[in-house]
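Here is a short briefing for a first look. Please view the sequence and structure before reading on.

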Amino acid sequence: MAKKNKTIITCAITGAIHTPTMSDALPYSADDIATQAIEAAEAGASILHLHARDNQTGAPSVDIDDFSAFLPRVKQATDAVINVSTGGSLTLSIQERIKPAATFSAEMCSMNMGSMNFSFHPLAKRYGDDDWKFDWEKDYVANSDGNIFRNTFKDIKEAAETLAPHNIKFEHECYDVGHLYNLKFCVDIGLFKAPIFIQFVMGILGGIGADVENLVFMKKTADKLFGDDYRWSILAAGSAQIPMATTASQMGGNVRVGLEDSLFIKRGELAKSNAQQVEKIRRVVEELGSEVATPDEAREILDLKGGDRVNF
Ligand code: KMH
Ligand code: ZN
């Protein structure tokens, strides 16, 4: 019998924020995404949060073929829970963004709980014009100050209703306290069923900052709104990743690491791989007296449909 108090480690392998120039460790080819995902699972991640990228240029992709190039390989090599992103890229419609999760009928997928500014343009200043590896990167990063990440109530309803027949468990990405209230509204109208799984997303420019006071506020608000009917995890962007995950694990939360959210292993030092971040947070969690959940324990804690009920 799995214990609720075991810590689930999610690893978000590549995402859509960082670009190949920023770190040689960031995987973007299907081979590298598959290899790093498998290594992260071997290191102790029981959930793998996966985005696709163009195999040649590393640009964010929601192309079904780009997902097909690694999903079956990851499934065959690990028993980790596969979580397909519906975040996609910020210029895409909700229909385009949810297509991979629906096509592959994943065990889990992300569900972003509000519209917001979503920017990483300050990163562009770290690179000179000739530094960028690929043509698309500079504008993609520099122009993100104009991004609106659109997740209206109508979008959320459409995503929830389209994905409902697939019995997918959502990782509800809440980037600020208001998003918890959006989620409460959606639960009350029957879009999502307990136990809901909330990812407190902290430190994105456009969302709540990554500090302990804010984490306590998010947690208290979620307690007030959802009582016992929720599980939670934290994702802190950049070098706050491991420190905030450490604090959250001590507060009874689950943790997300991975190069999608931070390229660092500690302040000022780039991580060599996703697995290195998983190894580090696993070490911390275990040293502090908690146990890390296996994939099957994560399935039990989150009431997932099972790895044999996906379409890849
Ligand atoms: N990149 C994270 C801050 C998604 O994939 O839907 C949020 C995220 C969104 O993971
Ligand atoms: Zn993501």
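Predicted model: local features only at pLDDT ≥ 70, side-chain atom pairs only at ≥ 80, totals over all residues.

Ligand 1 has 14 residues around it. The salt bridges number 17.

**Ligand 1**
- An N or O atom in the side chain of His51 is 2.9 Å from an oxygen atom of ligand 1.
- A polar backbone atom of Gly87 is 3.1 Å from an oxygen atom of ligand 1.
- Glu173 places a polar side-chain atom 3.4 Å from an oxygen atom of ligand 1.

**Gln199**
- Gln199 sits in strand E10 (residues 196–202).
- Gln199 is buried, at 0% relative accessible area.
- Its side chain makes a polar contact with the side chain of Ser233, at 2.8 Å.
- A polar atom of the Gln199 side chain also lies 3.4 Å from the backbone nitrogen of Leu235.
- Leaving aside residues up to four places away in sequence, Gln199 touches several others, including Glu171, Glu173 and Arg256.

**Arg231**
- Arg231 belongs to strand E11 (residues 230–236).
- Arg231 is buried but has no salt bridge.
- The nearest side chain of opposite charge is Asp229, 6.7 Å away.
- A polar atom of the Arg231 side chain lies 3.3 Å from the backbone oxygen of Asp228.

- Side chains of opposite charge can pair when their charged atoms come close.
- Glu173 and Arg256 form a salt bridge at 3.5 Å, N to O.
- Glu173 is in strand E9 and Arg256 in strand E12, so this pair ties together parts 83 residues apart in sequence.
- Both partners are buried: Glu173 has a relative accessible area of 3%, and Arg256 has 2%.
- Lys138 and Asp129 form a salt bridge with their closest N and O atoms 3.0 Å apart.
- Lys138 is partly exposed at 35%, whereas Asp129 is exposed at 59%.
- Asp296 and Arg299 also form a salt bridge, with closest N and O atoms 3.0 Å apart.
- They are three residues apart in helix H11 (residues 295–302), separated by about one helical turn.
- Arg299 is buried, with a relative accessible area of 12%.
- Shared partners link Glu171, Glu173, Arg256, Glu260 and Asp261 into one salt-bridge network.

Technical notes: Residues numbered from 1 in each chain as written. Chains lettered and ligands numbered in written order. Heavy atoms only, no water. Helix = DSSP H or I, 4+ residues; strand = E, 2+ residues; numbered from the N terminus. Buried < 20%, exposed > 50% of the residue type's maximum accessible area, 1.4 Å probe, protein only. Polar contact = N/O pair within 3.5 Å; in protein donor to acceptor, adjacent residues only side chain to side chain. Contact = heavy atoms within 4.5 Å. Lys, Arg positive; Asp, Glu negative; His and termini not counted. Salt bridge = Lys/Arg side-chain N within 4 Å of Asp/Glu carboxyl O. Near = heavy atom within 4 Å.
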